[in-house]
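Have the coordinates open as you read.

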Amino acid sequence: MNEPKVKQMQAYDVIVVGGGVAGIAAAVAAARGGAKTLLMEKSVILGGLATLGLISWYEPLCDGAGKQMISGIPEELIRLAVSESFDNLPVQWGGEQESAGRHSTYATRFSPTVVPLLLVEYLEKNGVALRLDTWATYPCMERNLCKGLLVETVGGREFFPASFIVDATGDATVCHRAGVPTELGENYLTYTTHVLTQKGGEHAAAGNFCKAREWHMAGSSLTGKGHPEGMKKFRGETADDVTEFVTLGGKLALEYVRKKGRNERDLMTLPAMPNYRTIRRIVGEYEFDGTEHEQEFENAVGRMGDFRKKGMHYQLPYTTLYNKDFPNLFAAGRIISAKGEGWEITRVIPVAALSGQAAGTAAALCQKTGTVNHTLSVPLLQEKLRDAGVLLKL
């Protein structure tokens, strides 16, 4: 068999792999930093788990007790999400009275089908080149330096040279294949669908589309309640695991459907990606573990709360975004160096976007200053982040 030819593509300063919220934030931050930036996404819809996975709830940007913890691009994204979509943003955080929910946190539901369209426009406005239906299969390494990405497309195999790579894949595909030390997570079986019922139709007729689109989560809760008794946990590292996870979850959803009359409900949407929470993450220079409440870091690149608890305050250390043995690779989103409770805190939408903004800003600065991830001036990075509206101090 003849080896397929590899088409040489144009070079970029920064390539971001993964079009979820972390990748969107990283790409926009890099482009705003003056870097020639490309965002690659393997599907044809942006938003990752937030949209494709139907987890269309933007977790709180506050600490649950009235203090805003996250701003910058993550706040831009929540505003973007509600600009053309239904929402239930509380009035005190800028929501409208008629749509506000009973909660008081800086959080909202949004349309997982409208938001991807807005994200494309957002990237275009910020000068980010976009490539969909592109699988970044292998980082091409020269020792521990990544020279670019070998990708698979419908048009064949292609090679994109790059100075810096931000891995925002959700499963650390690029970092893992480059040789960066990684750790696997474990996942309960969860399968999210959106349902339309007669009651939901009544809400829609009354103009309340937020209540018209009902969530149904088959399988487990965050804590494992509902995970089938005796069933293993899932890791998401193989196609076999993904297939089993999705098909078993689909069977649970079908059980729910069969309990309802066929004229009483419809499934509006099925998840277009598996609802894994933690697949694989890097082992970086610092491993955030969730014990760092109120701890201040000299290299902080943002601050955050814990979406599950009130009044928790954390800083995100820059050293969670890279492993210094791989000087031109950055991690963003749920693959950063965070373990245990720290992984739960950092994997959600606002914090994923926060780490994305930090990684993208850092990559662009490295390109501009001729440095690499571990030699970049942290005070300079912090200055750029503050200028972009990122909150750093606890």
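**Around Asn-328**

Skipping neighbours within four places in sequence, Asn-328 is in contact (heavy atoms within 4.5 Å) with Asn-144, Leu-145, Cys-146, Ser-163, Phe-164, Ile-165 and Asn-373. This is a predicted model, where local features need pLDDT of at least 70, side-chain atom pairs count only at pLDDT 80 or more, and totals for chains, interfaces and linings use all residues. Numbering starts from 1 along each chain as its sequence is written, and side-chain values use heavy atoms, with hydrogens and water left out.

You'll find Asn-328 in the loop between β16 (309–317) and β17 (329–331); strands are DSSP runs of E, at least two residues, and helices runs of H or I, at least four, numbered from the N terminus. Asn-328 counts as buried because its relative accessibility is 2%, and the cut-off is under 20% (1.4 Å probe, protein chains only). A polar atom of its side chain sits 2.7 Å from the backbone oxygen of Cys-146.

Now for the helices. α9 (residues 349–369) and α10 (residues 378–387) pack at about 125 degrees, with axes 10 Å apart; the axes are lines fitted to C-alpha atoms over the stretch in contact, and angles run from 0 to 180 degrees between N-to-C directions. So α9 is oblique to α10, oblique being whatever is left after under 35 degrees (roughly parallel), over 145 (roughly antiparallel) and 65 to 115 (roughly perpendicular).

Helices α2 (residues 72–83) and α3 (residues 115–125) pack at about 130 degrees, with axes 9 Å apart. That makes α2 oblique to α3.

Methods. Buried means under 20% relative accessible area, exposed over 50%, partly exposed in between (1.4 Å probe, protein chains only). A polar contact is a pair of N or O atoms within 3.5 Å; within protein, one must be able to donate a hydrogen and the other to accept it, and residues adjacent in sequence count only if both atoms are side-chain atoms.
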